[in-house]
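Here are my notes on this model, point by point. Please read them with the structure open.

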Amino acid sequence: MRRVWNMSAGPAALPTEVVLEIQREFPDWRGIGAGIMEVSHRGKAFSGVIEAARADLRELLDIPESYAVLFLQGGASLQFAQVPMNLAEGKSADYLITGAWSQKAYGEAARLGKARVARADEPTPFSGTGKSGLARVARADEPFTRLPGIDALQLDPEAAYLHLCGNETIHGVEIDETYIARLADRAASVPLVSDMSSHILSRPMDVRRYGLLYAGAQKNIGIAGLTIVIVRADLLERAAPGIPAILDYRAQAANDSMLNTPPTFAIYVAGLVFKWLKRQGGLDGVEKTNRAKADRLYAAIDESDGFYTNHVDPACRSRMNVPFNLPTPELEGEFVRASEAAGFMGLKGHKSVGGIRASLYNAVPEEGVEALIAFMTDFRQEHAN
Ligand SMILES: Cc1ncc(COP(=O)(O)O)c(C=O)c1O
């Protein structure tokens, strides 16, 4: 078996321990004579799997009883639409734009109803539907290197909710707990909604500060096909009349996320990852490792005499996704080719911004980051003039 240092942005590396557990249990899950993906979602075996996954997630994130935990499908992108369908109640919603993903979420909300950009500068105009079919907003050249000052934000006190993206996977901008706490204070009774797709479970997070949070599973939770939504029970009452039952959080909550067949295999994998996280010392444990990994990599970038550069304000540099540049696009291409030959995967930056991106999710071990830094040092020595 060969396992490379997988630094893909998502779908991303799973802990090798979990991959081997899946392999072991694949044909015969705990003696039932069938794989877990081959049995009814309503049977005893799978009911145990989903209940354990939900309980372990509640424990890891310290989710209060007053929040529902939903296991849905459609990816985080469906949440861009499902959130306004369920929470907007015909009112306007505020969007904090800090990178490409919050921009996309805003675009979808603007398509469905009223949405405002809660920025300190001029509002970002909605500019129709992009190539991907998802709505987009203008100013795609926005550099997204810092968070707007909280005091200067223009917030609507009557907004249905205030949406943010806790970690911008493409631009490498992460919002820390201090900023969230100050934002929640300023938002007052307006509930915060966060897209946590790329940093959920990477550190302790105070769920109580949010009305709703959601995350696609294919980065820190498990594999593609599952989307987790954690929503405060009182918000379940807001669903727009006439939305399809499958998109109605309240109907999903009332049916324990089994309104139809849930993504059983993805839920099983998430359950194994949650158990693995508990063995790492829970979120306090992984935060320590994640902080060490990111600090080491940013230090290597900052100490490279300008050969490697990351332009994000150190106050909001992502610990999960580290985008960086080399002096020329040609060198960046050479870097990606050489890294693949040296046993790395997934270092090419997102096509919209180019450059390099190292994603350091929970499953990427410290040794992988050390190996990357050693590779970067060698590459620089060879190519710097
Ligand atoms: C922060 C964030 N939000 C949303 C998405 C879209 O997720 P999905 O492909 O599950 O719809 C991504 C995908 O990378 C992401 O990183």
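1. A188 sits in the loop between helix 5 (177-187) and strand 10 (192-195). Its phi is positive, about 55 degrees, although A188 is not a glycine. Bear in mind that this is a predicted model.

2. S189 is in the loop between helix 5 and strand 10. S189 is exposed, because 7 other C-beta atoms lie within 10 Å. Look also at A159. It is 30 residues from S189 along the chain, and the two C-alpha atoms are separated by 9.4 Å.

3. S257 has a positive phi too, near 60 degrees, and is a residue other than glycine. Is S257 buried or exposed? S257 is buried, because 23 other C-beta atoms lie within 10 Å and 20 or more are needed. The residue is placed in the loop between helix 6 (249-254) and helix 7.

4. F71 belongs to strand 2 (residues 67-72). F71 counts as buried, because it has 23 C-beta neighbours inside 10 Å. S257 is one of the residues that F71 touches; I50, L226, I228, P262 and I267 are the others, leaving aside residues up to four places away in sequence. R116 is 45 residues from F71 in sequence and 29 Å from it in space, C-alpha to C-alpha.

5. L57 lies in helix 2 (residues 44-61). L57 is buried, because 22 other C-beta atoms lie within 10 Å. Beyond residues up to four places away in sequence, L57 touches I63, V69 and F274. V69 is twelve residues from L57 in sequence, and their C-alpha atoms are 8.7 Å apart.

6. Helix 3 deserves a check on its length. Its 13 residues (75-87) should span 18 Å at 1.5 Å a residue; the end C-alpha atoms are 18 Å apart, so the two values agree. Helix 3 still bends, by about 30 degrees at A81. A proline, P84, follows the bend within four residues. The buried residues of helix 3 are A76, Q79, F80, Q82, V83, P84, M85, N86 and L87. Just after the helix, E89 takes a positive phi of about 50 degrees.

7. Now the ligand. Which residues are around the ligand? They are G10, G75, A76, S77, W101, C165, T169, D195, S197, S198 and G216. Helix 3 gives the largest share of this shell, three residues. By class, the shell has three nonpolar, seven polar and one charged residues.

8. G10, one of the residues around the ligand, is joined to P11 by a cis peptide bond. Omega there is about -10 degrees. P11 is placed in the loop between strand 1 (5-6) and helix 1 (16-25).

9. S102 lies in helix 4 (residues 100-112). S102 counts as buried, because it has 26 C-beta neighbours inside 10 Å. Which residues does S102 touch, not counting residues up to four places away in sequence? They are Y95, L96, I97, L164, C165, E168 and D195. C165 and D195 are also among the residues around the ligand. S194 is 92 residues from S102 in sequence, yet the C-alpha atoms are 9.3 Å apart in space.

10. Last, the domains. The domain assignment of the protein gives domain 1 (21-279) and domain 2 (281-383). Their C-alpha centres lie 26 Å apart. How many residues of domain 1 are in contact with domain 2? There are 23, and they meet 22 residues of domain 2. On the domain 1 side, strand 9 (173-174) and helix 7 (264-279) each supply at least two residues. The residues of that side divide into nine nonpolar, nine polar and five charged.

How values were computed. Residues numbered from 1 in each chain as written. Predicted model: local features only at pLDDT ≥ 70, side-chain atom pairs only at ≥ 80, totals over all residues. Expected span 1.5 Å × (residues − 1). Bend = angle between axes of the 7 residues up to and from the residue. Buried ≥ 20, exposed ≤ 12 C-beta atoms within 10 Å, placed from the backbone. Domains from an automatic or database assignment. Contact = placed C-beta atoms within 7 Å. Nonpolar A, V, L, I, M, F, W, Y, C, P; charged D, E, K, R; others polar. Near = placed C-beta within 6 Å.
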